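This briefing is meant for a reader who is meeting this structure for the first time.

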Amino acid sequence: MKNSCIDCGVVNCLKEEGRFPDFCPGADISEDLLNSAMSEYEKEDIKAIAIAAAETEAENYCKMTRMEETMEFAGKIGAKKIGIATCAGLISEARVAAKILRKKNFEVVGISCKCATQKKEDIGIPKSCNITGVNMCNPVLQAKFLNNEKTDLNILIGLCVGHDSLFYKYSEAPVTTLVSKDRVLAHNTVAALYQADKYLKLL
């Protein structure tokens, strides 16, 4: 097993200086790889997002909710039209989010995962999956719909694990997640990590 950042207990990379473990990936990252990553920030659109993200964090650290930070970030990157890709089961939450965004004068367009209903079996999803319904979630359509709408920023609200992956892959606009779905923990996904000792015993 190769150790990496997730095995580090020091996290001195948060500080201006400090000692790092022998296995620290930072020591092994090639100059080519580092330069390749850093050169991306020379692109104006990437630099603008990086600066807006840093400013949003610095100015609102432990002061704003993620909903508020999302609007701050959107404003900083000059986003005027915002797309919402939502789970059909969280349409109520998506409607509230849209209302808040519109109150801040953003243009908002949204699309549900079940829009233009297609059957799971049509793309080869096993019939055993029909236990949660016969209609498929369609994150590729959600992304393409919002691409056609020329959104400046897309917000995910509760897309299923894996469906969110497909949305990220196909979205042309930058994407931020407002709600990560967790039906068991009322969408408070980090709660499983806070109860890790008990959770790991079940695995």
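Lys-150 is found in the loop between H6 and S3, and in this predicted model its phi is near 55°, a positive value in a residue other than glycine. Most residues other than glycine have a negative phi. With a relative accessibility of 62%, Lys-150 counts as exposed because the cut-off for that class is over 50%.

- Is His-187 buried, exposed or partly exposed? Its relative accessibility is 29%, so His-187 counts as partly exposed, a class that lies between the limits of 20% and 50%.
- Leu-202 belongs to the segment after helix H9 (196–201), and its relative accessible area of 71% makes it exposed.
- Between Leu-202 and Thr-56 there are 39 Å in space, C-alpha to C-alpha, and the two are 146 residues apart in sequence.

**The chain as a whole**

- The protein chain holds nine helices and four strands, and from the N terminus on these elements follow one another as α-α-α-α-β-α-β-α-β-α-β-α-α.
- A box of roughly 55 × 45 × 35 Å, taken along the principal axes, is filled by the C-alpha atoms of the protein chain.
- Of the 203 residues in the protein chain, 28% are buried.
- Among the contacts in the protein chain with a separation of 6 or more, 54% are made by residues 24 or more positions apart.

**The sheet**

- The four strands form an open sheet in the order S2-S1-S3-S4, and their pairing is parallel.
- Which strands stand at the edges of this sheet? They are strand S2 (107–112) and strand S4 (175–179), and because each has a single partner strand, one side of each is left without a neighbour in the sheet.
- On average, and with direction ignored, neighbouring strands of this sheet are turned by 25° against each other.
- Strands of a sheet pair through backbone hydrogen bonds, either parallel or antiparallel.
- S1 and S3 are paired in the parallel sense over five bridges, while strand S3 (residues 153–157) and S4 are paired in the parallel sense over four bridges.
- Ile-157 of S3 is the bridge partner of Thr-86, and the bridge partner of Ile-157 in S4 is Val-179.
- Leu-156, for its part, stands opposite Thr-177 in S4.

**Strand S3 and its cover**

- S3 is mostly covered, with five of its five residues buried.
- Where do the residues of S3 point? Leu-153, Ile-155 and Ile-157 point one way from the strand, whereas Asn-154 and Leu-156 point the other way, and all of them are buried.
- Helix H4 (residues 66–76) lies across strand S1 (81–86), S3 and S4, and it runs at about 160° to S4.
- Helix H5 (residues 91–103) also packs on the sheet, where it touches S1, S2, S3 and S4, and its direction makes about 170° with that of S1.

**Helix H6**

- The buried residues of helix H6 (residues 139–148) are Pro-139, Gln-142, Ala-143, Leu-146 and Asn-147.
- Why do these residues lie on the same side of H6? They cover an arc of only 135° around the axis, and this puts them on the same side of the helix.
- An α-helix has 3.6 residues a turn, so residues three or four places apart point the same way.
- The partners against which the buried residues of H6 pack are S1, S2, S3 and helix H7 (163–170).
- H6 is followed by Lys-150, the residue with a positive phi near 55°.

**The largest pocket**

- The largest pocket has a volume of about 360 Å³.
- Its lining is made of 20 residues, and those that lie nearest the centre of the pocket are Lys-114, Lys-120, Cys-137, Cys-160 and His-163.
- H6 and H7 each contribute at least two residues to the lining of the largest pocket.

Key:
Residues numbered from 1 in each chain as written. Predicted model: local features only at pLDDT ≥ 70, side-chain atom pairs only at ≥ 80, totals over all residues. Heavy atoms only, no water. Pairing = 2+ DSSP bridges. Axes fitted to C-alpha atoms, helices over the stretch in contact; angles between N-to-C directions. Contact = heavy atoms within 4.5 Å. Buried < 20%, exposed > 50% of the residue type's maximum accessible area, 1.4 Å probe, protein only. Arc of directions from axis to C-beta. 1 Å grid on protein atoms, 1.4 Å probe; cavity = no way out; pocket = protein on both sides within 12 Å on 5 of 7 lines; lining within 4 Å. Points joined across faces, edges and corners; volume = space filled by probe spheres on them.
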